[in-house]
Each structure stands twice: as structure tokens, then as C-alpha cells.
Amino acid sequence: MAQSNFDRRRINGPDESFQPTFESDDEGGSRWKVGDPRKGRMAQEIRPIFLQAGLINQANGSAYIETEKTKIACAVYGPRQSKTTVYNEKGRLNVEVKFAPFSCTRRRVPIRDAEDRSIAVQIQQALVPAVRLELLPKSTIDIFITVIENDGIEGCIAAGSAAASVALADAGIEMLGLVASCSAAIVGNEVWMDPIEEEGQIAAGSLVLAGLPALGTITSVWQTGSMSPDEAIKCMEACQKCCEDIHSVMAQSLLETAQNT
């Protein structure tokens with residue numbers, strides 16, 4: 001005999017529930033002031049990077065990158081024939097960025113907004129000079145980036161560019177080199193590398209640089225906020241040095257994937 005208080009149309013919750021535990025916030029302590037040192041790491045130090053390629057079997061190439069609270073998955077499909085009837089001598093690179101609903105502090109609506117499109121444009125501008133699209137006429141390469149956890153827009157652009165570059169290499173697409181990207185922010189009178197979301201809010205200006213460390217070239221520079229020319233040059237030089245270290249991590253990830261397959 002069916003129970004009268006049992007509803008088959010919905011999933012019933014557990015009999016016992018527990019209060020969720022949250023990470024301790026430092027709101028009670030003193031906030032950062034000009035002249036105070038950086039919390040957690042040095043000013044010129046970037047977050048540790050975990051990068052692995054070839055995690056998505058259905059895609060032609062894929063990569064997963066994690067830098068503390070920034071987690072991004074990337075999948076590459078193609079090259080495949082373009083759906084347009086117009087003949088193009090060069091291929092086309094499409095980038096689509098989506099945020100998971102639980103990726104940010106406030107729940108995001110699963111609809112693409114202006115922020116998603118701006119991040120996709122920045123990543124596309126960083127990757128296009130490195131991909132040899134002239135060898136792929138009337139072809140399309142689709143890159144899908146999913147932000148699982150977000151800890152600053154600058155970090156998302158830098159990590160997304162690195163993950164997309166590794167995914168393109170994993171797909172066997174010919175490139176001039178791996179695209180490494182790093183961000184920097186002006187906080188007080190110092191240059192803080194790889195700022196998180198909290199540090200980006202107190203920064204006067206931030207900058208994201210992408211380039212090919214193997215060739216010593218820059219493919220994209222994106223700057224926001226107030227920053228003098230001398231400060232911008234200082235940030236670019238610091239980002240170029242960090243891109244060399246990030247490039248070695250990317251190359252090592254691809255080497256380990258090739259050895260395991």
C-alpha cells in the first residue's frame with residue numbers, strides 16, 4: 001500500500017541535515033592599507049599551476065587548468081569544414097566562454113552576457129596570431145571554455161588562454177608556439193603578479209599579457225583601470241618573465257600526456 005505522504009514527482013531530501021561549513025573570512029581583521037605587504041605570497045610570485053591535457057575524450061583536444069581558486073576546462077573541436085558557402089583562404093577560430101552557475105560568489109544565470117563575450121574576445125585575440133590558419137582554408141576550429149570556479153577576471157583570461165593553447169596543441173593543430181598568459185596589478189606602489197579577485201578590487205589598474213615565449217613575441221595586451229605608461233611597461237616586463245615559467249609548465253604537461261598515450 002502506497003504511503004499517503006510520499007510524493008513521487010519530486011526527490012525527497014534526507015532525513016537528517018547538517019549546517020554547511022564555510023571558509024573563515026578575514027572580515028573581522030584589518031583590511032589592506034597602502035604599504036602593507038601582500039598576504040599569502042610575495043608580490044612577484046604567481047599561484048601554483050596544475051595543468052593536464054587530454055581529459056575530454058569526445059573532443060579533438062582538451063585541457064584542464066587549476067590555479068588555486070581558478071578552475072577552467074577547455075575543449076577543442078576541429079578543424080572541420082565551415083558551414084558558410086563563402087570560400088576563405090584562412091580558417092576561422094571561434095571561442096566561447098561559459099561560467100558555471102556556481103563558479104562565482106553570486107549565482108550566474110546560464111545565459112551568455114557581455115562579460116562572457118569580452119573574455120572570449122580577449123582569449124581569441126591572444127590565440128589567433130599563434131595558430132596557422134592559412135593552412136586550414138574554409139575550416140573552423142571551435143574552442144569551448146567552461147569556468148568551473150572564478151577568482152578574478154584577469155586570472156580567468158590568463159588561465160583560459162593557456163588552457164586553450166594546450167588544448168589546440170593536444171588536438172594536433174599546427175601552431176607557431178604555445179601561448180602563455182599572465183596578469184599583473186598595480187597595488188599601491190608595487191606590481192602584484194597574478195592577482196586574485198580581492199586584490200583586483202583594491203588595485204588601481206590591472207594588465208593581462210599573452211605572448212609566445214619561445215619566439216619572444218607578444219600577441220595580446222589587455223589593460224583596465226588607471227595606470228601610467230611607466231607602470232604599464234613595468235607590468236609587461238614582469239608578465240613576460242612569468243610567461244616563461246608558465247610556458248615550461250605547459251610544455252611539460254603536453255610531454256607527459258604524449259608519453260602516457
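## First stop: the second largest pocket

Strand 5 gives the most to the lining of the second largest pocket, with 3 residues. Strands here, like helices, are DSSP runs numbered from the N terminus (E, at least two residues, for strands; H or I, at least four, for helices). This is a predicted model, in which local features need pLDDT of at least 70 and side-chain atom pairs count only at pLDDT 80 or more, while totals for chains, interfaces and linings use all residues. Residues are numbered from 1 along each chain as its sequence is written, and side-chain values use heavy atoms, with hydrogens and water left out.

Select Gln81, Ser82, Lys83, Asn94 and Thr140, which lie nearest the centre of this pocket among its 14 lining residues. On a 1 Å grid over the protein atoms alone, a pocket is an open set of points with protein on both sides within 12 Å along at least five of seven lines, whereas a cavity is a set where a 1.4 Å probe fits but cannot get out; lining residues have an atom within 4 Å of a point. At least two lining residues come from each of strand 3 (70-81), strand 4 (92-99) and strand 5 (139-149). The space in the pocket is about 250 Å³, a volume being the space filled by probe spheres set on grid points that are joined across faces, edges and corners.

What is the make-up of this lining by class? It has 8 polar and 6 charged residues and no nonpolar ones. In this scheme Ala, Val, Leu, Ile, Met, Phe, Trp, Tyr, Cys and Pro count as nonpolar, Asp, Glu, Lys and Arg as charged, and the others, Gly among them, as polar.

Select Gly78 and Pro79: the peptide bond from Gly78 to Pro79 is cis, with omega near 0 degrees. Pro79 belongs to strand 3.

Next select Lys138, in the loop between helix 1 (114-127) and strand 5. Its phi is positive, near 50 degrees, although Lys138 is not a glycine. Lys138 counts as partly exposed because its relative accessibility is 25%; buried means under 20% relative accessible area, exposed over 50%, and partly exposed in between (1.4 Å probe, protein chains only).

## The enclosed spaces

A search of the whole structure finds 2 cavities of 30 Å³ or more. For the largest cavity, select Ile49, Thr67, Ser181, Asp194 and Ile246, the closest to its centre of the 14 residues that line it. Its volume is about 130 Å³. Which element gives the most to this lining? Helix 2 does, with 4 residues. By class, the lining of the largest cavity comprises 8 nonpolar, 4 polar and 2 charged residues.

The second largest cavity has a volume of about 40 Å³. Its lining includes Gln122, Ile157, Ser181 and Trp222. Strand 8 contributes the most to this lining, with 3 residues. No charged residue is present in the lining of the second largest cavity, which divides into 6 nonpolar and 4 polar.

## Helix 2

Select residues 153-170. The 18 residues of helix 2 should span 26 Å at 1.5 Å a residue, and the end C-alpha atoms are 25 Å apart, which agrees; the expected span is 1.5 Å times one less than the number of residues. Of these 18 residues, 15 are buried. Just after helix 2, Gly172 has a positive phi of about 80 degrees.

Return to Asp194, which is found in the loop between strand 7 (190-193) and helix 3. Asp194 is not a glycine, yet its phi is positive, about 50 degrees. It counts as buried because its relative accessibility is 9%.

Then select Glu199 in helix 3 (residues 197-202). Is Glu199 buried or exposed? At 8% relative accessibility, Glu199 counts as buried. Leaving aside neighbours within four places in sequence, Glu199 is in contact (heavy atoms within 4.5 Å) with Arg38, Lys39, Arg41, Val187, Trp192 and Asp194.

## Last view: the whole chain

Select the entire chain, whose secondary structure comes to 4 helices and 9 strands. Of its 261 residues, 42% count as buried.
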